[in-house]
Amino acid sequence: MSLCGGSGPAAAPRLRPRAAQMARRPELLCGAAIVLGCAFLVALKVTCRVLLPKVQVLKEDEAREEIQRNHSSCRAKDVTMPAKLPVNFFSTRSPVIDLFRGQLDYADHLRQDSEIVLYFFYAPWCGQSIAAREEIEHVASRLSGQVLFVAVNCWWNQGKCRKQKHFFYFPVIHLYHRSFGPIEYKGPMSAVYIEKFVRRVMTPLLYISSRSKLLDFLSNYEPGVLGYFEFNASPQPPGYLTFFTSALHSLKKDYLGTIRFGVITDKRVAEEISLVHSGSVYLHRHVNTSLIYPNDVMNYTAENICKWALENREMLIRWLRPHGGKSLLLNNELKKGPALLIFIPYNPLAEIHPLLDEITKVALEYHNCNKSQAAEPDLQHLGDTDSPAFDSSVPDAHMKLSETFSITKYPCCNTVVLPQWHSISRTHNVCELCINQTLGVKPNKVHVPHCNFLDIEAALDSFYLQEHTFFQVISNTIECSNFLSFYSPFSYYTACCRTVNRHFLSFISSEKTIFQTPKVAFSSHGKKDNTQHSIPHIEDRNCFIPDLHISGTNITGLSCRTNKTLNLYLLDSNLFWIYAERLGASRSTHLKEFAAIVDLKEEVHYVLDQNQSLVRSTLENFIKNFSILYSPLKRHLVDDPSVHFHEQRVITEVTTNTFHDTVFLSEKNVLLLYYAQWCGFCASLNHIFIELARLLPPDNFTVARIDITRNDLPWEFMTDRLPTILFFPHQRKEQSVKFPEDFSVNLPNLLKFILHYSSLSSSEPCTKECLHEETVLQQGHISHLEREIQKLRSEIGALHQAHDQLEAQLSEARREEHRLQQQKHTLEKQHKTLQLHSEQLQATYDQKNQELLEMAEKLQELADASENLLKENTLLRILVASREGKLQSKDEIKESLQSEQTLSEDNDVSVSTATATVEEKRIDNIDTIETDHSSGNRTE
């Protein structure tokens, strides 16, 4: 191929003249060679410039891959091991069918052949599943003949259970009653509770055929729903299956099974509770009026019956069963108000519960506000009606009713010597304190003009809270004042104060008559005086006789006669005794019975004396002591019994029981540290307090600490911040001082704080250096106060600026409000206009709809007429076709007759004529019959 694109002999003639020209002029050949060489060099340079970076990149990639190959050859390769195959969770001899590979489809297949099925979904690694395995096996060993128990591994990643079920916790128990389910069990994973729940699913209805069984059913503390059905005509009367399903629905919504469902099969028994018609449903309530299901308002469905029963049930006592995890069950219940928590050992499978029956009696009496007739048969059936408590409540009913509306006042007075620290004692030292008693404070049983100690103490508390009424008194004359108690709207007190001579006071204190007034003295922070009867701390009132003030109070209807209504709760001590121990129950007791009242709002709780047996009388007294106006119950302070005291310990460990003796009765200065085990900042101060305790003289100072998470103190000594340091000076314990929060807790600051406030430093004579230090300290205080004043001034200026800004914002908000009001009026007008248009459109729509209805009726008539015409047309066609067939057959017959006549010409003429006549008659008869038949079909 030539350079010019030519080839072969055709290109040769064109190259010969150029070659001859170059031979004649050799300079052209050299120039062309030079040009070609330069072009080649330029092209080579450009090509290298483009390809060189690509080559460098390729070399770098190859080097990197080589390094990675060398590094991977030195490092171990990643190995992914497949999960191990699951193994049997239950033993092969267990009555539980263990589908350890998660065969959920096979589990559903097994359910089709069984009436009651229990599914136990588990995870092999779950500790709660492992703990519940033995309980499930125990239940299965007892009920395997009636219930099918199936365990399914829902953690195996290749099983269908893991793919179809998405559980957030394990184990999960589901029950199926034939096609109804699943019913999830959420109660304690205990064999007795699981078996009880399974039996409730097996027999959701109790069949009642006699009056005694009816009384047994109604006397139970749990709410009950009764249905009356006549089984004489049919084994399944109308509505029975719906009622049966509603019982299963209640178990599905309330796993505790608090609502019991029963079926009355006897008409006379049903009439006892006003059930007359078959299919009627009755909800029994002890205190409020019982209800009958409103068939005319609500549809008779299983869901509606269950919902109606749950919404209208009456809960006198409620079981609390916290599952042990993170739950707000107790917190939500305690927020509703004061709660009486009763811990009793409970066996759900037991037939009788004597202690529970006693508690039920107390609950019925406590909530029986109107003494309704519905509650009376229950109380009579629950226990003996000859008990003193029951008999005493009946004859006093009218008397107590009259007392309720009585306004008669019972005055009782007491002479009170005012303490020196009281503000009124500057001008008066004796007050005559009188109590005008009505329903709020009961009079004493002793018919003398005196109050019992609880009454006068309550009056004193209210009197000291109202001491500002006497604050402006200057003269020495008798001053009187009437003041209301903020505790009770039915009581008020009168105080007349004056000044008397000291010998008259001694005469009063030495007088020994029946009207002798108790000697009253006031101690600071519970400090006891051996010579006088001191009024105890507000939480120490139970040192007096508790029944003195409440012996005449009846518990019947007490929940409606006091603002301190209790909610009653039951807990199984076999499962939840740890909560009782936290409330103050003994850990070493063998009889796990305990009762406590928890008032979350007041941050207190009271404990029933564990030396007393948990019976009806003690519970009633416990409730009455809490319900009266000024409760004599003592707040229970939880103490840490695990603290061991060592005399050689540098820092004294304080508990609830030793707080008063260590802090207030001690003759030393006490530095107290509040700490907790979880407080990291508290632990960092231990070495500082150890050094401080070694530096301070042990004869004058005590360094102590208290763990407030395990030891309760009276509320005035509690703290909400850790660590907190309090200093109690000697002989001035009521003037306790808190270590400043803005100071760093170190040894020098603690020493300055202690020495400044201790009584030891104030008892020594002050030197010049001391005076200089006091002056410097005062100057520091003055400068600090000046800085605080400057800060306050700057804050006041900032507040003024904020006030101006708020005023500007308020004015802007007012303008915006005015604008919004205008928009509102405009929108209202538009709304009215749109409403008118809507009404017009509705009228037009109604008119057009009516016209469409009329047209539709006409079209329907036309359609009916056309259908009739089509039917007639069809009949006519059939008739025409039949007539054509008959005419054709007639012609054929005539032709045959003519042929016969031709063939029998030799025969007798008369015979042929007669035969022809007969045939014509026969044909005419046939035509007549066919015509009649066709006309009859047309008529039809």
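The model is predicted, so local features need pLDDT of at least 70 and side-chain atom pairs count only at pLDDT 80 or more, while totals for chains, interfaces and linings use all residues. Residues are numbered from 1 along each chain as its sequence is written, and side-chain values use heavy atoms, with hydrogens and water left out.

Confidence was examined at the outset. The pLDDT is the predictor's confidence in each residue, from 0 to 100. The protein has a mean pLDDT of 75. Of its residues, 66% reach 70 or more. Residues 484-491 stay under 50. For that stretch the model has 20 contacts (heavy atoms within 4.5 Å) beyond four places in sequence. Residues 936-940 also have a pLDDT below 50. Beyond near neighbours in sequence, residues 936-940 have 3 contacts in the model. Where pLDDT is low, the predicted coordinates should not be read in detail.

Helices and strands are DSSP runs, numbered from the N terminus; a helix (H or I) has at least four residues and a strand (E) at least two. Strands of a sheet pair through backbone hydrogen bonds, either parallel or antiparallel. Here two strands pair if DSSP finds at least two bridges between them. Burial is judged by relative accessible area: buried means under 20%, exposed over 50%, and partly exposed in between (1.4 Å probe, protein chains only).

Strand 4 covers residues 172-177. It is largely enclosed by the rest of the structure, because 6 of its 6 residues are buried. V172, H174 and Y176 point one way from strand 4. I173, L175 and H177 point the other way. In a regular strand the side chains alternate between the two faces of the sheet. F120 has I173 of strand 4 as its bridge partner. Strand 5 (residues 180-185) also pairs with strand 4 in the antiparallel sense, over 4 bridges. Strands 4 and 5 form a hairpin with 2 residues between them. In the turn, R178 has a positive phi of about 55 degrees.

Strand 8 (residues 260-264) is likewise largely enclosed, since 5 of its 5 residues are buried. R260, G262 and I264 point one way, and F261 and V263 the other. The pairing here is parallel. Strand 6 (residues 205-208) is joined to strand 8 by 4 bridges, with L205 partnered by F261. Strand 7 (residues 224-228) pairs with strand 8 over 5 bridges. In that pairing Y228 stands opposite I264.

A further sheet is open and has 5 strands, in the order 20-22-21-23-24, with mixed pairing. Its edge strands are strand 20 (652-654) and strand 24 (737-738), each of which pairs on one side only. Strand 21 (residues 669-675) and strand 22 (residues 701-707) are parallel over 7 bridges. V670 stands opposite T702 of strand 22.

Helix 3 spans residues 104-111, and its buried residues are L104, A107 and L110. They lie on the same side of helix 3, because they cover an arc of only 110 degrees around the axis; the arc is that of the directions from the helix axis to the C-beta atoms. These buried residues pack against strands 1 (97-99), 2 (116-122) and 3 (148-153) and against helix 5 (160-164).

Aromatic rings were compared next. Rings of Phe, Tyr and Trp (its six-membered ring) pair if their centres lie within 6.5 Å; planes under 30 degrees apart count as stacked, over 60 as edge-to-face and the rest as tilted. This rule gives 33 aromatic pairs. W577 and F594 form an edge-to-face pair, because their ring centres are 6.4 Å apart and their planes lie at 80 degrees. W577 belongs to helix 18 (residues 573-583) and F594 to strand 18 (residues 594-599), so the pair ties together parts 17 residues apart in sequence. W577 is buried, at 7% relative accessible area. F594 is buried too, at 2%. Elsewhere, ring pairs link Y119, F121, W125, W155, F167, F170 and Y176 into a cluster.

E314 sits in the loop between helix 10 (302-312) and strand 11 (317-319). It counts as buried because its relative accessibility is 8%. Leaving aside neighbours within four places in sequence, E314 contacts P223, R285, H286, V287 and N288. A polar atom of the E314 side chain lies 2.7 Å from the backbone nitrogen of H286. The E314 side chain also reaches the backbone nitrogen of V287, at 3.0 Å.

Terms used:
A polar contact is a pair of N or O atoms within 3.5 Å; within protein, one must be able to donate a hydrogen and the other to accept it, and residues adjacent in sequence count only if both atoms are side-chain atoms.
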